[in-house]
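The sequence and structure are shown below.

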Amino acid sequence: MEARLDIHANPVAVKAVKHLAAAGNVIKESSLSATTRELVLLRTSQINGCGFCVDMHTKEAAEAGESAVRLHLVAAWREATVYTPAERAALELAEQSTRIADAAGGVTDEAWADAAKHYDEDQLAALVALISLINALNRMNVITQQPAGDYTPGQFG
């Protein structure tokens, strides 16, 4: 597969991605755990069919010590016993936020309340920003057909 547009070389795309990456750095500096971040990034990217981001976040999570079992099961997290209640709440919030057009009213009060049981206000803000950010990046990659498979952990710093 060849990309329709090289978003890593086009000056407008590079500038836009640079700003999105800056937002990502704010989220990294939050108290939301790296494990939760990577699980949410991976699951959201799976839902959106973004091969580039699935490749990236699977490799980044593995490099950070995430187990192969948990990575393989994230697509079926509801049936898996390997996630904490907090991780499950974050994954539910990510799914409902990503599939916002599929359900009238968007994210349910129940999903929000469950997340709020496990995360403080700053962590919830980080989760909301993270989910919004990865949805934007997924769409950019899917629209331009960025190829997957060649990502190296740490490639973007």
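A pocket, as the term is used here, is an open set of points on a 1 Å grid where a 1.4 Å probe fits, with protein on both sides within 12 Å along at least five of seven lines. The structure discussed is a predicted model.

**Pockets**

The largest pocket has a volume of about 950 Å³. Its lining comprises 35 residues, and K28, M56, H57, L137 and F156 lie nearest the centre. Helices α1 (11–28), α2, α3 and α7 each supply at least two residues of this lining, with the largest share, nine residues, coming from α1. By residue class, the lining divides into 20 nonpolar, nine polar and six charged residues.

The second largest pocket has a volume of about 170 Å³. Of the 13 residues that line this second pocket, H8, F52, Q146, P147 and D150 are the closest to its centre. The lining of the second largest pocket consists of six nonpolar, four polar and three charged residues.

| Pocket | Volume | Lining by class |
|---|---|---|
| Largest pocket | about 950 Å³ | 20 nonpolar, nine polar, six charged |
| Second largest pocket | about 170 Å³ | six nonpolar, four polar, three charged |

H8, one of the residues closest to the centre of the second largest pocket, belongs to the segment before α1. Beyond its neighbours within four places in sequence, H8 is in contact with V14, F52, Q146 and F156. H8 and P147 are 139 residues apart along the chain, and their C-alpha atoms are separated by 12 Å.

Q145 is found in the segment after α7. Although Q145 is not a glycine, it has a positive phi of about 55°. Its relative accessibility of 27% places Q145 in the partly exposed class.

In soluble globular proteins, nonpolar side chains tend to be buried together. In this model, the largest nonpolar core has 23 residues, of which L32, V40, Y119, L127 and L130 touch the most other members. Helices α2 (34–48), α3 (51–63), α5 (85–98) and α7 (121–144) each supply at least two residues of this core. The largest share, seven residues, comes from α7. Apart from this core lies another, of nine residues, among them A61, V74, W77 and L91.

Which residues does V40 contact when its neighbours within four places in sequence are left aside? They are A90, L91, A94, L127, L130 and I131.

**Helix α5**

Helix α5 is mostly covered, as 11 of its 14 residues are buried. The buried residues are A86, E87, A89, A90, L91, E92, L93, A94, E95, Q96 and T98. They pack against α2, α4 (68–73), α6 (109–118) and α7.

Not counting residues up to four places away in sequence, T98 touches T44, I47, N48, I131, N135 and R139.

**Helices α7 and α1**

Helix α7 has 24 residues, which should span 34 Å at 1.5 Å a residue; its end C-alpha atoms are 35 Å apart, which agrees. The buried residues of α7 are Q123, L124, A126, L127, L130, I131, L133, I134, N135, N138, N141 and T144. These residues pack against α1, α2, α3, α5 and α6.

L20 lies in helix α1. With a relative accessible area of 24%, L20 is partly exposed. Not counting residues up to four places away in sequence, L20 touches L133 and L137. L137 is also among the residues nearest the centre of the largest pocket. L20 and L42 are 22 residues apart in sequence and 17 Å apart in space, C-alpha to C-alpha.

Technical notes
Residues are numbered from 1 along each chain as its sequence is written. This is a predicted model: local features need pLDDT of at least 70, side-chain atom pairs count only at pLDDT 80 or more; totals for chains, interfaces and linings use all residues. Side-chain values use heavy atoms; hydrogens and water are left out. A nonpolar core is a set of buried Ala, Val, Leu, Ile, Met, Phe, Trp, Tyr and Cys residues joined through side-chain atoms within 4.5 Å. Buried means under 20% relative accessible area, exposed over 50%, partly exposed in between (1.4 Å probe, protein chains only). Helices (H or I, at least four residues) and strands (E, at least two) are DSSP runs, numbered from the N terminus. Contact means heavy atoms within 4.5 Å. Grid points are joined across faces, edges and corners, and a volume is the space filled by probe spheres set on the points. Ala, Val, Leu, Ile, Met, Phe, Trp, Tyr, Cys and Pro count as nonpolar, Asp, Glu, Lys and Arg as charged, and the others, Gly among them, as polar. The expected span of a helix is 1.5 Å times one less than its number of residues.
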